[in-house]
Amino acid sequence: MQRQLKIAVRELVEYVLRSGDLAFEFLSASRPVEAIRAHQKIQSSRPASYQPEVAISYVVETDRFRLNIGGRIDGVFAEPDGTIIEEIKTTSRDPAYYKKNENPVHWGQAKTYAYIYGHHHQLDEITVQLTYYQIDTGNHSEIKRAFRLSELETFFNDLVTRYLKWAATLVDWSDCRDASIADLEFPFATYRPGQRQMAVEAFRTIRSGGQLLVQAATGIGKTIAVLYPAVKSLVENRDQKIFYLTARTTVQMVAEKAIDELRAAGLRLKSLTLTAKDKICFCPQSACQPDECEFAKGHYDRINAAVEAIFKQDAFTREQISDTARAFRVCPFEFSLELSLWADCIICDYNYSFDPRVYLRRFFQDDNGVYVFLIDEAHNLVDRSREMFSAEIFKQPILDVRRQLKKQLPQVFKSLGRINTWLVKARKRCEASANSIAEESLPEELVPLLKSFLFITERWLSKNLKTAFRESLLDLYFAISGFIRVADQYDHSYTTCYEKRGKELKIKLFCVDPASHLENALQRCRTAIFFSATMTPIDYFKQILGCDPTAPQLIIPSPFPGENLGLFICDQISTYYRQRDQTVDQIARVIAALVGQKNGNYLLYFPSYVYMRKIFDVFTARHPRMETIVQTPGMLEPEREAFLQRFSQDNPRTLIGFAVMGGIFGEGIDLVGDRLMGAVVVGVGLPGICLERDLIKHYFTNTLDAGFQYAYLYPGINRVLQAAGRVIRTEKDRGVVLLIDQRYAHYQYKTLLREEWDPIRVHDAQQLAEQLQDFWKQH
């Protein structure tokens, strides 16, 4: 059978005829709805002989494939004296602009529709009408041109011929990829224990569609266990696209490495790593306008050549994208978005699939495709999704912007004044309530004030005028727009939080329960596989992540011999907040006992920076010759890398790292072999008490009678498991883990620890030292 390719008329024309600069013009959030209404208004004003929304299609045959071109004409005038094809375009410009400034893409789209319609209806002549409608004013302009069908045929054939070269490249690539996948074997000689089971379940889920939750201990090889079946399934469904979703850049690198391992086994696959715009931009201080950025000027003149050049590579990494973008002088971020259309696997942050503000609309706006979501470190999606579906505004930025535009934009100035007046009253209410308030209702009086601001402001922003305050106003507009977007979907899963700090007031629409919102977002994919080393208990994650209650779940224990890990629990020491000062000395002694039995590298995890610093001071005073390194708040990426580089395999002395549990060194780091001999986890990992945590507790107490568990216990124990999981990373690793807290003796904590763990209870430093001596003698 001939290969079948599909493309919309608009996509065909844009690919071939796009040219000129990359320029971001402001479009209001309501623009898509207004555009639809404008189309309907124009269509309803036409005579009875007018046919709106006329579907058309055309098949181009080649010796290797069939190109199916389809689309929908806005309207057809079927008059006795001739046929008119109408293409309607909404615009923020004066419609008269287009009489002097022809848009080749607009005309190309209309002429393509006209040719296909004329060909099917055997017309000799046909008229094309471009109707431009200015949304703000209602003004419109109609531009007509008559064409002989032979003229349109010449145009159409040239258009298609220019695209067929790229289409042939895609077919060649697809054949090459599919052949490599058909021959692809698992890239390692054997599966690790549990890895094959995970891969089989993943393949079944991908083939049938649906969801799967997997908790698999460190060392299983989770990344390759989901990527291998996802890649193998591409042959069965060529339209499928894989989204490998992560919370952190380090995990994206793990996914890239796994795909490279598949490539070493013979795979040909186009993979793309999406990097945030602010991290990949060449000109971060410039606006995305041709007069400020050389990579925006003429971007569309060079974009196709850039795509064709990089397409010779299989891995569209950040470095490869940056190098190619510089060589062809195109915007690297827009270039990466363009490449997403042609990539088989997209490695990116959770945001690009779930966040309502930045999700990839080119894939998820309209039709849901045959997409596979591979969601790594899925335990992180809980808190991340709460932030995605929440929104907040601050009082001070409103005042700052208001001062800047008093003279130029008096209406906006007055609008912001009304908002500020309301916020002042809200701040006074906060002062009377210990500086924080939580209410299970929208700020009903504030919402119309914010909507009025958006309405007034977007009318000015749509003019795209340059002023000193434009960027500040634009930032405020988007912040308030995001707030209103959440307000419009506000329901029982939200709480409104007011917090006063000094003169500042923050109002946050806090998503307490993200389940229903994630459930809706998961409709964008056919398959979703959630996997992590820590999803305990797994039923909690199934509920909070909005999964299908019938979704299968899989728990795979560690594949490594249990005797390789010495697990000790010191449950005679309290780390309750009120008792921390009294236990500093005890903890310092127990730590000294653990690190004093064998030279090597150790990581110590604490529930807070303050508690860590107190223990650090006592410990270093007693052991001044021991080498230590301390995590500090807000460490930059070079500082993080320098911290980890200290943990070398050939360190002849003992190095002790002090870190915070749940932080940047608490998960996602891979210190294999002698790079890490042991870890100490001080406390049970409970998140700090705060307004939002207490709201979560209150909500789930009322709904599931599990408030403490959902707000504190389950997030905390997963932090503990993540920290402990840093020690044994391969079958050759040997190491020790010490858990310190009297709560580990309690049933509700003990039952959440790994089933395969066989902990040894110790009462004090001396008993721990004795047990450690026995362990290290055997290893």
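Strands here are DSSP runs of E of at least two residues, and helices are DSSP runs of H or I of at least four, both numbered from the N terminus. This is a predicted model, in which local features need pLDDT of at least 70, side-chain atom pairs count only at pLDDT 80 or more, and totals for chains, interfaces and linings use all residues. Residues are numbered from 1 along each chain as its sequence is written, and side-chain values use heavy atoms, with hydrogens and water left out.

**Strand β8 and its partners**

- β8 (residues 241-246) and β12 (residues 371-375) run parallel and are joined by five bridges. Two strands count as paired if DSSP finds at least two bridges between them.
- β8 also pairs with strand β11 (residues 345-349), again in the parallel sense and over five bridges.
- In β11, Cys-348 stands opposite Leu-245.
- Six of the six residues of β8 are buried, so the strand is largely enclosed by the rest of the structure. Buried means under 20% relative accessible area, exposed means over 50%, and partly exposed lies in between (1.4 Å probe, protein chains only).
- Both faces of β8 are covered. Lys-241, Phe-243 and Leu-245 are buried on one side, and Ile-242, Tyr-244 and Thr-246 on the other.

- Helix α15 spans residues 381-388, and its buried residues are Leu-381, Val-382, Ser-385, Arg-386 and Met-388.
- Seen down the axis of α15, these buried residues fall within an arc of 160 degrees, so they line one face of the helix. The arc is taken from the directions from the helix axis to the C-beta atoms.
- Helix α5 (residues 149-182) contains Ser-150. Ser-150 is partly exposed, at a relative accessible area of 43%.
- Ser-150 and Ser-49 are 101 residues apart along the chain, and their C-alpha atoms are separated by 26 Å.

**Salt bridges**

- The structure holds 45 salt bridges. Each is a side-chain nitrogen of Lys or Arg within 4 Å of a carboxyl oxygen of Asp or Glu.
- Arg-46 and Glu-142 form one of them, with the closest N and O atoms 3.2 Å apart. Arg-46 lies in the loop between α2 (31-44) and β2 (50-61) and Glu-142 in strand β6 (residues 140-148), so the pair ties together parts 96 residues apart in sequence.
- Arg-46 is buried at 18% relative accessible area, whereas Glu-142 is partly exposed at 35%.
- Glu-102 forms a salt bridge with Arg-145, the closest N and O atoms being 2.5 Å apart. This pair links distant parts of the chain, 43 residues apart: Glu-102 is in the loop between α3 (97-100) and α4 (104-120), and Arg-145 is in strand β6.
- Glu-102 is partly exposed at 44% relative accessibility, and Arg-145 is partly exposed at 35%.
- Arg-268 and Asp-314 also meet through their side chains, at 2.6 Å from N to O. Arg-268 lies in the loop between α8 (249-264) and β9 (271-273) and Asp-314 in the loop between α10 (299-310) and β10 (315-316), so the pair ties together parts 46 residues apart in sequence.
- Arg-268 is partly exposed at 31%, while Asp-314 is buried at 12%.
- Arg-3, Arg-64, Asp-172 and Asp-175 are linked in a network of salt bridges.

**Cavities**

- The structure holds three cavities of 30 Å³ or more. On a 1 Å grid over the protein atoms alone, a cavity is a set of points where a 1.4 Å probe fits but cannot get out; a pocket is an open set with protein on both sides within 12 Å along at least five of seven lines; lining residues have an atom within 4 Å of a point.
- The largest cavity has a volume of about 120 Å³. Volume is the space filled by probe spheres set on the points, which are joined across faces, edges and corners.
- Of the 16 residues lining the largest cavity, Cys-281, Cys-288, Cys-293, Cys-331 and Pro-332 are the closest to its centre.
- α9 (277-280) and α12 (332-340) each supply at least two residues of this lining.

**Second largest pocket**

- The second largest pocket has a volume of about 530 Å³. Of its 30 lining residues, Gly-562, Leu-565, Gly-566, Ile-728 and Trp-757 are the closest to its centre.
- β19 (565-570), α26 (707-724) and α28 (765-778) each supply at least two residues of the lining.
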